[in-house]
Amino acid sequence: MPAIGPIELAILGIILLAVLAPLVLIFVSRRRKALEVQDEPDAIEVRDAAESGETAEVAEVALSGPSVLDRFRAGFARTSSALANLFGGDTVDDDLFEALEEALISADVGVKTSMKLVEELRQTARSKGIEEPGALREELKASLKVRLGRFDTALNPAPPEGPHVLLVVGVNGSGKTTSIGKLAKRFKEDGKSVCLGAGDTFRAGAIEQLRVWAQRAGVDIVAHQDGADSASVLFDTLKAADARGHDVVLCDTAGRLQSKKPLMEELGKVTRVVGKACPGAPHEVLLVLDGTMGQNALSQAKTFGEVTGVTGVVLTKLDGTAKGGVVVAVMEELGMAVKFVGIGEGIDDLRPFDADAFVDALL
Ligand SMILES: Nc1nc2c(ncn2[C@@H]2O[C@H](COP(=O)(O)OP(=O)(O)OP(=O)(O)O)[C@@H](O)[C@H]2O)c(=O)[nH]1
Ligand SMILES: [Mg+2]
């Protein structure tokens with residue numbers, strides 16, 4: 001092997017420098033970008049909370065992993081850091097219980113449920129002699145997990161024969177059509193053959209919007225023209241789905257205010273007609289609630305429940321300013337199971353509701 005002289009060494013050095021320098025530059029610029037991202041307001045909020053001690057765990061849950069919790073943004077992080085700060089002190093006293101009640105109410109948990117939770121917590125603290133706020137927080141977590149864990153958040157089973165029919169209802173703009181698109185993709189990925197029913201014949205552009213979602217999810221759709229009778233469209237959808245051998249039918253409906261009686265009566269008729277087209281249907285009535293609506297969502301849920309027999313709730317927009325507590329209010333005050341949560345506008349932004357993960361993030 002020939003000996004390497006000083007000239008060859010110098011050339012080798014220059015080549016190495018030429019290769020390494022751009023790599024170092026790329027690394028430095030990526031690092032700087034990462035630091036800039038950390039300084040965005042939402043991240044700061046959670047980090048500030050983490051620095052206060054007790055909340056480190058919350059911040060970690062909210063920021064790490066590819067979980068649904070990453071998507072609960074501003075409102076949710078604010079709620080969890082407010083609650084975490086409360087438990088950051090060193091005494092369990094009346095002030096703490098009062099502050100906790102206020103924090104739960106402002107997190108949209110609802111007055112009745114907040115009072116009930118805090119009263120129960122007072123009794124537990126007394127009977128177990130709890131003097132540590134951290135231990136009290138664990139009691140609250142356990143109690144919430146038991147309360148929310150009582151609900152069956154799985155979709156009702158498909159019938160032994162014929163299509164599995166899901167009717168999707170709710171007020172205007174709550175996220176019904178978007179959630180149908182997301183659900184269609186989930187079912188399709190599970191190997192099911194899916195058909196959408198364009199039951200919103202009222203709003204201009206609604207049918208076209210559902211067509212776009214059908215295309216995105218790669219599923220079938222049955223639609224009539226604007227202004228057609230919604231119940232007839234869904235009747236035809238079910239007949240067609242049965243004939244074509246589809247496993248799942250997702251029925252869209254027009255958004256309507258729960259206070260508009262004739263529109264709610266029409267929804268009652270839609271539900272009955274769906275049952276005529278396919279005995280036992282709808283097997284699931286999903287009420288789509290906008291998570292940022294807070295307590296208003298509760299009065300919507302009550303009326304829709306009376307008219308259509310809601311079997312589950314899809315709580316959307318939890319990636320926005322929703323404060324999270326509305327999940328507890330819907331389940332505790334109305335006895336309705338939150339089955340899915342919407343965490344963005346994209347087709348993959350829907351997740352089955354997981355009570356334990358939710359409580360861990362909130363507290
Ligand atoms: N950020 C966010 N936006 C959502 C979510 N779900 C729906 N949206 C948005 O909410 C808006 C209304 O959604 P739609 O699906 O059209 O609501 P809808 O209930 O079908 O509305 P109508 O048919 O008019 O009653 C759209 O801009 C959606 O992108 C969600 O989980 N997160
Ligand atoms: Mg719609």
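Student: Which residues sit closest to ligand 1, and how many surround it?
Tutor: This is a predicted model, and in it 22 residues surround ligand 1, the closest being Gly175, Thr177, Thr178, Gly255 and Gly342. Helix α8 gives the most to that shell, with 3 residues.

Student: Why are α8 and α9 called roughly parallel?
Tutor: Helix α8 (residues 176-189) and helix α9 (residues 206-217) pack at an angle of about 20°, with their axes 9 Å apart. Angles under 35 degrees count as roughly parallel, and therefore α8 and α9 get that label. As for handedness, α8 passes α9 in a right-handed crossing.

Student: Which residues make that contact between α8 and α9?
Tutor: From α8 you have Thr177, Ile180, Gly181, Ala184, Lys185 and Lys188, and they meet Gln209, Leu210, Trp213, Arg216 and Ala217 in α9. By class, that contact has 5 nonpolar, 3 polar and 3 charged residues.

Student: What does α6 bring to its contact with α7?
Tutor: Leu117, Glu120, Leu121, Thr124 and Ala125 in α6 meet Leu136, Glu139, Leu140 and Ser143 in α7. The classes come out as 5 nonpolar, 2 polar and 2 charged.

Student: On to the sheet: what makes β3 and β8 its edge strands?
Tutor: The 8 strands form an open sheet in the order β3-β2-β4-β1-β5-β6-β7-β8, with mixed pairing. Both β3 (220-222) and β8 (350-352) pair on one side only, which is what an edge strand does. From one strand to the next, the twist averages 25°.

Student: How do you know that β1 and β4 are paired?
Tutor: A pair needs at least two bridges, and β1 (residues 164-169) and β4 (residues 248-253) have 4 bridges, in the parallel sense. For instance, Leu166 has Leu250 in β4 as its bridge partner.

Student: Which helices pack on the sheet, among them α11?
Tutor: Helix α11 (residues 261-277) touches β1, β2 (194-199) and β4, and its direction makes about 175° with that of β1. Helix α12 (residues 296-308) packs there too, touching β1, β5 (284-290) and β6 (312-316), at about 160° to the direction of β5.

Student: How do you know that the peptide bond from Ala281 to Pro282 is cis or trans?
Tutor: Check omega: a value near -5° makes that bond cis. Pro282 is in the loop between α11 and β5.

Student: What makes Asp108 worth a look?
Tutor: Phi of Asp108 is near 75°, a positive value in a residue other than glycine. You'll find Asp108 in the loop between α5 (94-106) and α6.

Note on methods. Residues numbered from 1 in each chain as written. Chains lettered and ligands numbered in written order. Predicted model: local features only at pLDDT ≥ 70, side-chain atom pairs only at ≥ 80, totals over all residues. Axes fitted to C-alpha atoms, helices over the stretch in contact; angles between N-to-C directions. Helix = DSSP H or I, 4+ residues; strand = E, 2+ residues; numbered from the N terminus. Parallel < 35°, antiparallel > 145°, perpendicular 65-115°, else oblique. Left-handed = near helix turned anticlockwise from the far one by under 90°. Contact = placed C-beta atoms within 7 Å. Nonpolar A, V, L, I, M, F, W, Y, C, P; charged D, E, K, R; others polar. Near = placed C-beta within 6 Å.
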